[in-house]
Amino acid sequence: MTSLQNSSTLHPTLLHNSFSQKLPTSRSPRRDAVSFTVKAAQEPSASLTSQDRQRRRQVIAIGTAAPLVFLINQHSNSFAAENKKGFFSVLDKKDGYSFLYPFGWQEVVIQGQDKVFKDVIEPLESVSVNVIPTGKQDITEFGSPQDVAETLIKKVLAPSNQKTKIIEAKEQDVEGKKYYQFEFIAKAPNYTRHALSTVSIGNGKFYTLTTGANERRWEKMKDRLQTVIESFKIFDV
């Protein structure tokens, strides 16, 4: 199996150009991308059956999920805890956001990302959160859901050599805060990723959460990924 490769950290000038320099120039040194794009050069070996993958996932999940939940200091700014059946929750008290991710995914460290969790068997199944400073007060100041989706997908969420297509872009109001949500696909030469993203503004920050899966597993994963997207909330800190 060819090892998973992650996209390089987004250069600050690309982000600013994406929004015609609407985003601020100051940033945290560890956050210099709007979102995380997963690349895979090759699918897992075809010799593995669905049952094999499920058994491997269950075995690995038992060994990885428990330390994630119970060994993290709950007095820290961010911790995971069991929540909705089949999901763990993440609460970041420092940056002011929370979300759910499926059981069996484990946390990995990616430069430029605030949080990343991914499946231990299917590398295209992941969720990432990125947080950068902004002087804007509302997501609508960047344009319509379609405008923001087109800019982020083209410039940030998918590599330039992938063909992308927006399936849907919409606005949602949750407890008085506006979120843009969009669904898209990104086609690489040897795989297609089906993804969901949500963006919003709060606490002087621009938040992006992106999750997705291989197109061949979309029907199986879409409800769980929709739960991840719908669970993302920003709160005042």
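Student: What distance does helix H3 (residues 145–157) span between its end C-alpha atoms, and what would a straight helix of 13 residues span?

Tutor: Keep in mind that this is a predicted model. Helix H3, residues 145–157, spans only 15 Å between its end C-alpha atoms, whereas a straight helix of 13 residues would span 18 Å at 1.5 Å a residue. Now look at which of its residues are tucked away: Pro145, Val148, Ala149, Thr151, Leu152, Ile153, Val156 and Leu157 are the buried ones in H3.

H4 covers residues 218–231, and its 14 residues should span 20 Å at 1.5 Å a residue; the end C-alpha atoms are 19 Å apart, which agrees. Even so, H4 has a kink of about 25 degrees, centred on Arg224. The buried residues in H4 are Trp218, Met221, Leu225, Thr227, Val228, Ile229 and Ser231.

Thr198 itself lies in strand S11, residues 191–202. With a relative accessible area of 1%, Thr198 is buried, because the cut-off for buried is under 20%. Its side chain also has a polar atom 3.3 Å from the backbone oxygen of Tyr180.

Some of those names come back when you move to Val129. This residue sits in strand S8, residues 126–133, and counts as buried at 0% relative accessibility. Not counting residues up to four places away in sequence, Val129 is in touch with Thr208, Leu209 and Phe232, along with Tyr97, Phe99, Gln113, Asp114 and Lys115.

Next, the aromatic rings. Tyr207 and Phe232 belong to one aromatic cluster, together with Phe88, Tyr97, Phe99, Tyr101, Phe103 and Phe117. To describe a pair of aromatic rings, you give the distance of the centres and the angle of the planes. The count comes to ten aromatic pairs. One of them is Phe88 with Phe103, a tilted pair with 5.5 Å from centre to centre and 50 degrees between the planes. Phe88 is in strand S4 (residues 87–92), while Phe103 is in the loop between strand S5 (97–102) and strand S6 (105–107), so this pair ties together parts that are 15 residues apart in sequence. Phe182 and Phe184 give another tilted pair, since their ring centres are 6.3 Å apart and their planes sit at 40 degrees. Both Phe182 and Phe184 are buried.

Loops deserve a look too. Ile110 lies in the loop between S6 and strand S7 (115–119), and at 14% relative accessibility Ile110 counts as buried. Ile110 and Ser128 are 18 residues apart in sequence, and their C-alpha atoms are 9.2 Å apart in space.

Glu175 has a phi near 55 degrees, which is a positive value in a residue other than glycine. Glu175 is in the loop between strand S9 (163–174) and strand S10 (177–188), and counts as exposed at 81% relative accessibility. Asn203 also has a positive phi, near 55 degrees, and is a residue other than glycine. Its place is the loop between S11 and strand S12 (205–214), and at 27% relative accessibility Asn203 counts as partly exposed.

Finally, step back to the whole chain. There are four helices and 13 strands, and 49% of the 237 residues are buried. Take the contacts between residues at least 6 apart in sequence: 57% of them join residues at least 24 apart. The accessible surface comes to about 11500 Å², with 49% of that belonging to carbon and sulfur atoms.

Note on methods. Residues numbered from 1 in each chain as written. Predicted model: local features only at pLDDT ≥ 70, side-chain atom pairs only at ≥ 80, totals over all residues. Heavy atoms only, no water. Helix = DSSP H or I, 4+ residues; strand = E, 2+ residues; numbered from the N terminus. Buried < 20%, exposed > 50% of the residue type's maximum accessible area, 1.4 Å probe, protein only. Contact = heavy atoms within 4.5 Å. Polar contact = N/O pair within 3.5 Å; in protein donor to acceptor, adjacent residues only side chain to side chain. Phe/Tyr/Trp six-rings, centres within 6.5 Å; stacked < 30°, edge-to-face > 60°. Expected span 1.5 Å × (residues − 1). Areas by Shrake-Rupley, 256 points an atom, 1.4 Å probe, with all protein chains shown as cover. Bend = angle between axes of the 7 residues up to and from the residue.
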